[in-house]
Amino acid sequence: MDEEVREVAAPADEEPVLDFALHLDEYQPAIPDSVALFYLRQAGFHCTDARIVRLVSLAAQKFVSDIANDALQYSKMRVSSSGGSGGGGGGGKKGAQLTLTLDDLSAALGEHGVTLQKPPYFN
C-alpha cells in the first residue's frame, strides 16, 4: 500500500506558538536555566529539552513579577488610604519610596492562591 506523504501546514492559530518556541532560545529569563533545572529535578521532572526549562523559567519570572506588582499596588493603596502619613509612603510625593510590608505581600500572594502566615513570634 502506497501512502502519500503530505506536508501539512500549521494552522493559523498555531503559528504564534511556533514563533514563540523558536524565539525562546534567544531570550534569557531572570531565573537562570541551571536554577530552574535544579528545582525541576528536585521536583522529579527530568527533561532534556532546554526550551522547556526556559519556558518554566519564564513562567516563574512572570509569577514573581505579578506578585511584586500586586504587592506594590497594595502598598500604594495602604499609603493613600492612611492619608500618606505612614508606612514610609512620604505623603504621595512623586518618586517617594514605599515600604513593602508582610501584609502587602500576603494579600498579593492570596490573590494567586498562596497562603502566607506570619510566624507565631511576630504576633
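Buried denotes under 20% relative accessible area, exposed over 50%, and partly exposed in between (1.4 Å probe, protein chains only). This is a predicted model, in which local features need pLDDT of at least 70 and side-chain atom pairs count only at pLDDT 80 or more, while totals for chains, interfaces and linings use all residues. Residues are numbered from 1 along each chain as its sequence is written, and side-chain values use heavy atoms, with hydrogens and water left out.

1. Surface of α2. Tyrosine 39 is exposed, at a relative accessible area of 55%, and belongs to helix α2, residues 33-42. Helices here are DSSP runs (H or I, at least four residues), numbered from the N terminus. Together with Val35 and Phe38, Tyr39 forms a nonpolar surface patch of about 310 Å² accessible area. Such patches take residues with over 30% relative accessible area and no salt bridge, nonpolar side chains (Val, Leu, Ile, Met, Phe, Trp, Tyr) being joined within 5 Å; areas follow the Shrake-Rupley method with a 1.4 Å probe.

2. Salt bridges. The whole structure contains 4 salt bridges, each defined as a side-chain nitrogen of Lys or Arg within 4 Å of a carboxyl oxygen of Asp or Glu. One of them joins aspartate 33 and arginine 54 at 2.5 Å, N to O. Because aspartate 33 lies in α2 and arginine 54 in α3, this pair ties together parts that are 21 residues apart in sequence. Arginine 54 is buried at 10%, whereas aspartate 33 is partly exposed at 22%.

3. A pair within α3. Lysine 62 and aspartate 66 form a salt bridge of 2.8 Å, N to O. Both residues lie in α3, 4 residues apart, about one turn of the helix. Lysine 62 is partly exposed at 49% relative accessibility, as is aspartate 66 at 25%.

4. Asp104, Ala108 and Leu109 are the buried residues of helix α4 (residues 102-111). They lie on the same side of α4, because they cover an arc of only 125° around the axis, taken from the directions from the helix axis to the C-beta atoms. These buried residues pack against α3 (50-81).

5. The segment after α4. Histidine 112 is located here and is partly exposed at 32% relative accessibility. Beyond neighbours within four places in sequence, histidine 112 contacts Phe63, Asp66, Ile67 and Asp70, contact meaning heavy atoms within 4.5 Å.

How values were computed: Helices (H or I, at least four residues) and strands (E, at least two) are DSSP runs, numbered from the N terminus. Patches are made of residues with over 30% relative accessible area and no salt bridge: like charges are joined within 9 Å, nonpolar side chains (Val, Leu, Ile, Met, Phe, Trp, Tyr) within 5 Å.
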